[in-house]
Every structure is written in structure tokens, then in C-alpha cells.
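Let's walk through this structure together, one site at a time. Please keep the sequence and the 3D view open as you read.

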Amino acid sequence: MKLKNISLLATLALTATGLGAADKPVLDAKMKAAVDKMIAVSFPAGENQDLSRLKQDETIQTCNIYRDNVPEKLAAEITARETKSIKYPADGKLMGDWKKGQKYYTMGFAYRIGTVEPDDPKKDRGGNCYACHAAEPKEVAYGTIGPGLTGYGKLRGAGDDIVKYTYEKIYNSQAFTACSQMPRLGHNGILTPEKIADITAFLVSPESPVNK
Ligand code: HEC
């Protein structure tokens, strides 16, 4: 079978299991405690290790106990709460500098924790977007957990609504999709509003190599 067909089948299988979200949590209290313990012992404290992100907020806890398949009512609560968390750059401009955006889209230092060589907390951080999304046609090393974003602005245009959606999606993916696999990069403090505006320009601007 061709690779394309296999991934299509996998998508269909995922969609099928996602049809009727469980109305009860999938993880019971005992299992949840075991998982929390495993996470705690897996990331030992050490120099330059910022373990604050191991603390699960209400949204992550809800997603975890439902294995990301939350009932509709909880999904609506999550998207409403996450939407409220979105902050904007001080100058109000959601389209920054695409060249800087190119750098931050690519930079792999995205606040890793628990690695053998932890990130220097004082170091400039990027979004590590290529880990999950294609973008510039010339880039060959990218992950496919997220949809490919090559030609993003060419396909959708650069209207205010697209710019706003793109900025907000990067700031907090769960404002749109409850329990998304995409990190909430602004919400978690990995990217500043200004960097998110730069990345928005990298995706949307007609000048950006993403759209050439
Ligand atoms: C761990 C994987 C992962 C990382 C890292 C990640 N994303 Fe995503 N992204 C996803 C997934 C999965 C989706 C689709 C589900 C959703 O919409 O939430 C998505 C959706 C999107 C969308 C919406 C696409 C559409 O068709 O509307 C945009 C835009 C996007 N990501 C941009 C980014 C940018 C920019 C970065 C880096 C700052 C980034 N993502 C980092 C996984 C990721």
C-alpha cells in the first residue's frame, strides 16, 4: 500500500474513534495519580531546569483525563477560557517582520525541559514550528504532526481576519481547538506577543518565502 493511503487510513481510524467523545473521564483517579507520579519522577530538577511547566493547568488536566477527547460542553468551556487568555503586542500590530518571524519559526530552542542539555533560560527562544509543520518550500526537515503551512498566505490572503486568526492560533491553539496537540506558545510564555506577530508575518506576508 502506498504511504499516502496508509496515512489516509490512519486518519479515518482516528476520526472513527473520535466520533462520540466519552462522557466520563477515561483516566480514573488512581490512574491519574500514577501518571502524575511518573511525570514528576521523569523530569529531575537540575541546573537550568525550569520545571514550572510540569504543573498542569485546568485545561491540560481536563484534556488528560479524557485523553484529549472531551465532551462538547467541556470543549466549549476550554475554547472560551483559552480565548480570554490571549494578549496582543503593545503597539497593536499583529503583522510584524517576516524575516524575524522566519528565525523564530525555525529556532529549535522552544523551552525544552528535562533534556540532557537544558536550554539556557536567558537564551533567545523560538517556536520550533518545523518540528510539526512544513513552511518554506526549500526546507526539507520538518515534522507532520500539524498540517503543512507552505503557501499559507497565498491560499488564504492577507486580510485582517486571516492575520488575527493566525496570531491568535499561535498565541493559544486551544482558543480554537480544545485539546489541540499544538503547544499554546504565547499562553505558556514560550513566545512573546511581538515574536508571534513576526511569525504571523512569516506565514501571511506575500513577501515571505512561505508564499513564493
Ligand atoms: C507539537 C506539534 C506542533 C507544534 C510545535 C506547532 N504546531 Fe501548529 N498545529 C499543530 C497541529 C496538530 C495543528 C492542527 C490542530 C489544530 O488546529 O489545533 C496545528 C495547527 C496550526 C495552525 C492552523 C492551521 C490552519 O489550517 O488553520 C497554524 C497557523 C499553526 N499550527 C502554526 C504553528 C506555528 C507558527 C508554530 C510555531 C510557533 C506551530 N504551529 C507549532 C501542531 C503543532
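C129 has a relative accessible area of 11% in this predicted model, so this cysteine is buried, the cut-off being under 20%. C132, in contrast, is partly exposed, because its relative accessible area comes to 23%. Please look at H133 as well: with a relative accessibility of 12%, H133 counts as buried.

H133 leads us to the metal. Which residues coordinate the iron atom of the ligand? They are H133, through NE2, and M182, through SD, at 1.9 to 2.2 Å. The iron atom has six donor atoms, and the angles among them run from 83 to 177°, giving an octahedral site.

How many disulfides does a search of the whole structure find? There is one, and it joins C63 to C179 with an S to S distance of 2.1 Å. Turn the view to look along the S-S bond: the angle about it is -90°, and the link of C63 and C179 is left-handed. This pair connects distant parts of the chain, since C63 belongs to helix α3 (residues 58–65) and C179 to the loop between α7 and α8, 116 residues apart.

Leaving aside neighbours within four places in sequence, C179 is in contact with C63, D68, V70, I78 and Q174. Take D68 from that list: D68 and C179 are 111 residues apart in sequence, yet their C-alpha atoms are 5.2 Å apart in space.

Finally, let's turn to the backbone. Most residues other than glycine have a negative phi. R67, however, has a positive phi, near 45°. You will find R67 in the loop between α3 and α4 (72–84), and with a relative accessible area of 56%, R67 is exposed. N128 also has a positive phi, near 55°. N128 is placed in the loop between α5 and α6, and its relative accessibility of 30% makes N128 partly exposed.

Note on methods: Residues are numbered from 1 along each chain as its sequence is written. This is a predicted model: local features need pLDDT of at least 70, side-chain atom pairs count only at pLDDT 80 or more; totals for chains, interfaces and linings use all residues. Side-chain values use heavy atoms; hydrogens and water are left out. Contact means heavy atoms within 4.5 Å. Donors are N, O and S atoms within 2.8 Å of the metal (3.2 Å for Na, K and Ca); water is not among the atoms, so sites may look incomplete. Four donors count as tetrahedral if all angles lie between 85 and 135 degrees; four count as square planar and six as octahedral if opposite donors are over 155 degrees apart and all others between 65 and 115; anything else is irregular. Buried means under 20% relative accessible area, exposed over 50%, partly exposed in between (1.4 Å probe, protein chains only). A disulfide is a pair of cysteine sulfur atoms within 2.5 Å. Helices (H or I, at least four residues) and strands (E, at least two) are DSSP runs, numbered from the N terminus.
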